[in-house]
Each structure stands twice: as C-alpha cells, then as structure tokens.
Amino acid sequence: MTKSPAESSKLASSPERGRGKGIALLVIASCQLMVVLDITIVNIALPHIQTSLGFSTESLSWVINAYTLTFGGLLLLGGRLGDILGRRRVFIFGVLLFVFASLLGGLSQESWQLLAARALQGVGGAIASPTALSLITTTFREGPERNRAFGVFAAVSAGGSAIGLLAGGVLVEWLDWRWVFFVNVPIGLLIAAATPRYIKESERHPGHFDVLGALTSTIGMVLLVYGFIRASEDGWSDSLTIGSFLAAVVFLGLFLAVESRSRQPITPLKMFRDRNRAGTYGIMLSLAAAMFGMFFFLTLFVQNILHFSPLQAGLAFLPISVVIAISAGIASQLLPKWGPKPFMVVGAILAALGLGWLTFTDIDSTYLGSILGPMLVFGFGMGMQFVSLTLMAVSGVVPREAGAASGVLNATQQVGGSLGLSILVTVFGTASRNEATDQVPRFLAEATPAQQLEFRRTGELPAPWGDQVLASGVSSAFVVAAVMAVVAALIALLVIQVRSSDLERLRGGAVSPPADGAAPGGDLSEGEGATDATAPVRRRGEGGNEEAGPSG
C-alpha cells in the first residue's frame with residue numbers, strides 16, 4: 001500500500017535529532033570507512049601475502065582487483081536492492097556478508113581462497129556502501145545539515161584509503177597479515193547491532209531486480225580489467241589479451257542495450273542527461289583511477305626502496321588523512337557560497353600537481369624530501385573533490401532512485417580505481433621490463449659470483465639494480481596517473497556549470513517547481529531526502545530545461 005507523504009517523511013527520518021542523528025551518522029560513516037579502508041589496509045600486507053601465499057608481482061594486484069571488481073560491478077544492483085527491499089535491512093545484510101567474507105579471508109591457506117574471499121567481500125561492500133550513502137539522503141535535511149553529513153561521508157571515503165594503510169601497518173607489524181581481515185569482524189558486528197536502534201527503516205519502492213544488467217556490467221568490467229592485467233604480463237599482442245578486450249566490449253554493449261530497454265533499469269540512463277551529474281561521474285572515474293594507483297605504488301616504493309616497516313609505511317600515510325579531513329571540512333562550509341565547480345577544478349589541479357611531483361621519485365628519494373610534500377598537495381585536492389562530487393551526484397534525485405544514484409557514484413569510484421590500477425600496472429610492467437633490459441648487463445658486470453648465482457636461481461635483480469627497475473616503473477606509472485587527474489580537471493572546467501538552483505539546494509532553500517509540478521522523466525526532486533513534514537518540491541528536469549545560473 002502506498003504511504004502518504006507525511007508517513008513517508010516520518011518513516012525515512014532519523015529516530016532522534018541531535019545525539020540520535022549524530023550516532024546515526026557515526027554508524028553510516030563507520031560502515032563506509034570499513035568498506036573503503038579495506039581496499040588499502042590490504043596494500044600494506046601485500047608483500048607478506050605474496051610471500052605467504054605465493055603470488056607473482058603482477059598477479060598480486062588481483063588481491064585488490066578481486067574486491068574492487070565485484071564491488072564496482074554489483075554496486076548498481078546493491079543500490080537498487082535498498083530502494084526495493086528497504087535500505088536499513090539491506091544495509092545490515094551487506095555488513096554481515098562483509099564480516100563473513102572477512103573472516104574467510106583471514107583464514108585463507110591458498111591464493112585462490114583469498115581471492116574468493118576478497119570477491120565475496122566486494123559483494124557485501126556493494127550492498128552496504130550505496131545503501132549507506134542513500135541513508136544519508138533520507139536521514140538528513142537538505143541544506144547545511146546534509147552538507148555537513150556529506151562532508152563527513154566524503155572525508156571518510158577519501159581519507160579511508162590512507163587510514164587503511166596506517167591500520168594495516170599496525171596490524172601487520174604487531175600481529176599478522178591475516179588481521180587486516182579479522183579486524184573487520186568486531187567492527188562490522190557492532191555496526192549491524194547499532195543500526196536498528198539508531199536508523200529508521202526507509203520506505204520501500206516496489207519494483208524488480210535488474211539482474212541481467214548487473215551480470216552484463218560485472219562480466220564486462222572483469223574482462224576489461226583482466227585484459228589490462230594480461231597485457232602487463234604477456235604484452236598487448238597476446239591473443240588472450242585481445243580476446244578479453246573484445247569480449248568486454250560485447251558485454252558492456254549488452255549492458256547498455258539492456259538498460260535502455262528495461263522498465264526498471266539498474267542504472268536509469270536518464271540520470272546522465274544532466275551535464276553536471278554526468279560530469280561528476282566522469283571526474284570521479286578519472287580521480288579514483290589516479291588515487292588507487294598512487295596508494296598502490298607508493299606502498300611498494302616506501303617498503304621496497306625506502307625499506308619502511310609496515311608500521312612505518314602506515315604512519316607515512318597518516319598526514320594525507322588529516323589533510324583530506326581538513327580540506328573536506330572547508331569545502332563543505334564554503335560550497336553554499338561558491339558552488340561545487342571551483343572546488344572540483346582546483347581540487348583536480350592540485351591532485352595532478354601532486355602526482356606530477358611524484359614522477360621525480362628515484363632510488364635516491366627520501367620520504368621528507370620527495371614523498372610527503374606531493375602527498376599533502378594531492379590529499380588537499382582530493383578532500384575538495386570528494387565532498388563536491390558526492391553532493392553533486394545525489395542532488396535532486398527522487399526517493400525511488402536514491403539508491404541507484406548512490407550506486408552509480410560508488411561504481412564509478414570503484415570501477416575507476418580498478419581500471420586505473422590495471423592500466424598503471426600495465427605501464428609499470430612495461431617500464432620495468434625496459435629498465436631491466438638496461439640493468440641486467442650492468443648487474444652481470446658488477447655483481448659478485450654469489451649474487452649472479454642467486455639471480456640465475458630466482459630471476460630477480462638484487463639491490464641496487466632491482467631498486468632501479470622498481471623506481472623506474474613507479475615513476476612511469478605516476479606520469480599516467482597525473483594525466484588522469486588532468487582529464488578530471490578538464491571535465492570540471494568544461495562540463496560542470498554553477499546553477500542557481502544547485503546553490504539554492506546547498507543553502508537549504510526551496511526551488512520553484514515547474515508549471516506542471518513534475519520534473520520531466522520523474523528523475524529529479526527537491527525533497528528526495530526530506531526529513532521534515534513538508535512534501536517534496538520538484539524542480540525542472542535535467543535535459544536542458546532547467547533555468548541555469550551563471551555558467552562556470
């Protein structure tokens with residue numbers, strides 16, 4: 001039975017104001033932190049996982065990709081599940097599934113077992129994460145209150161990666177690499193226990209599950225990333241590499257065809273008609289690709305070349321978390337005055353500058369002289385970006401599609417990170433092989449007989465020759481990562497507009513409805529997350545019909 005607007009508003013609201021809402025935000029942000037930091041908390045443990053379970057250097061990236069692929073591919077379905085079945089119950093299920101998979105990961109004895117557990121973690125995260133974001137839109141009143149909540153959520157999303165490196169360092173140094181998985185168990189159980197007490201169930205929006213859309217998108221992305229991984233190991237002319245790319249094009253084409261014909265698509269393509277939202281997704285895709293690669297390769301650099309312990313490596317990344325939190329807080333306060341575009345442009349430029357600075361790293365680099373400065377510049381830019389992107393992506397979406405919009409934003413972040421990591425691993429592998437070609441003759445001319453014997457046995461160059469190979473590959477990867485950030489800056493500059501209606505939303509004011517009282521296509525609404533007793537106020541649709549403010 002359809003509920004009245006007053007009943008729906010009451011159902012979607014937080015159980016209490018003040019302390020109740022603060023705890024609700026803590027629960028939601030804790031879930032997002034657990035899901036996001038799990039990507040990088042594993043990074044610190046990669047060398048130990050590689051030794052323990054026998055991964056090669058290139059295949060080691062699949063410990064990350066197995067998680068991000070199922071996460072990114074199923075986020076769209078996960079968001080839709082919350083819309084249809086109720087966000088709180090879906091949120092709890094996703095958290096518990098994530099906890100179970102984490103337990104399996106920590107108990108893994110073979111490489112395939114760990115990869116299977118990581119993939120299952122991705123499924124749990126894909127269910128919990130978009131639901132967490134949509135719970136913010138239905139719990140906090142649009143305007144300054146929701147801006148602050150999104151500021152916290154964005155800081156956690158961006159800073160969680162660095163926090164994961166610190167947590168991973170502590171756990172690996174003091175306990176064992178398996179604890180980077182075991183630590184999720186008590187945290188997830190606490191989140192699941194607190195959710196029914198502090199978060200109300202949302203209204204259910206009847207519909208069906210677009211399983212075919214989820215399957216085609218997931219398979220397509222898996223094949224695409226596998227093509228990049230295969231290229232880094234066997235070259236671009238390898239038949240399996242080419243076949244993977246061709247199959248990826250077919251499945252992604254099927255995904256678009258399915259979505260364009262589905263009555264209730266997992267990804268409503270009409271959401272992309274708004275240039276700001278479409279531009280936001282493009283920026284997130286590019287920046288996530290650069291960010292995932294930065295953490296992956298810097299982790300290898302500081303441990304293998306600077307010889308940091310896992311704990312030292314984790315502490316080395318702590319400043320970036322602090323800077324991201326500060327930057328996100330500043331941006332959330334100033335957004336109502338200036339709008340998101342200035343923060344998107346400046347943030348992407350700062351990210352590109354930080355990554356460009358990292359291209360100068362070599363075997364003589366030091367943490368204070370070559371790593372800390374670029375990380376701080378990059379982090380300040382990313383803090384600006386994440387809060388702006390989060391607000392822009394979910395602004396004005398009707399309640400029945402809040403989960404889908406949240407899923408698309410999360411999917412672009414995770415898929416962008418997975419694709420970016422694969423591309424950068426390919427660049428790293430190519431540059432490393434080229435450098436190894438130059439270093440092997442030098443090694444053979446300078447190495448001791450014992451070193452040469454070990455080289456023939458393992459095929460791996462020792463320091464300093466091996467360090468030079470690694471540093472060359474990492475530097476080349478940062479060049480491409482900087483280009484990705486430049487692409488994000490160009491999208492922000494050329495696509496994003498500053499519109500009067502968007503500024504009004506950020507200030508918490510009402511937006512005048514169109515004459516017919518409904519947004520074309522039904523995909524935009526002023527009150528998608530209203531928590532007061534007022535009915536939603538609709539605004540003009542996205543396809544160029546909305547009266548725009550000054551163009552940015």
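A side-chain oxygen of D238 comes to within 3.1 Å of the backbone nitrogen of L240 at the start of helix 10. This is a predicted model, in which local features need pLDDT of at least 70 and side-chain atom pairs count only at pLDDT 80 or more, while totals for chains, interfaces and linings use all residues. Residues are numbered from 1 along each chain as its sequence is written, and side-chain values use heavy atoms, with hydrogens and water left out.

Helix 10 covers residues 239-261; helices here are DSSP runs of H or I with at least four residues, numbered from the N terminus. Its 23 residues reach 33 Å from first C-alpha to last, close to the 33 Å expected at 1.5 Å a residue, the expected span being 1.5 Å times one less than the number of residues. Buried residues (under 20% relative accessible area, 1.4 Å probe, protein chains only) of helix 10 include T241, S244, F245 and A248.

A nonpolar core is a set of buried Ala, Val, Leu, Ile, Met, Phe, Trp, Tyr and Cys residues joined through side-chain atoms within 4.5 Å. The largest has 117 residues, of which V42, M294, F297 and L355 touch the most other members. Helix 11 (residues 275-304) supplies the largest share of this core, 17 residues. Apart from it lies another core of 9 residues, among them M221, A248, V415 and L419.

L120 lies in helix 5 (residues 111-139). Leaving aside neighbours within four places in sequence, L120 is in contact (heavy atoms within 4.5 Å) with L97, F100, A101 and L104. The C-alpha atoms of L120 and F71, 49 residues apart along the chain, are separated by 8.9 Å.

Definitions and conventions
Helix = DSSP H or I, 4+ residues; strand = E, 2+ residues; numbered from the N terminus. Buried < 20%, exposed > 50% of the residue type's maximum accessible area, 1.4 Å probe, protein only. Polar contact = N/O pair within 3.5 Å; in protein donor to acceptor, adjacent residues only side chain to side chain.
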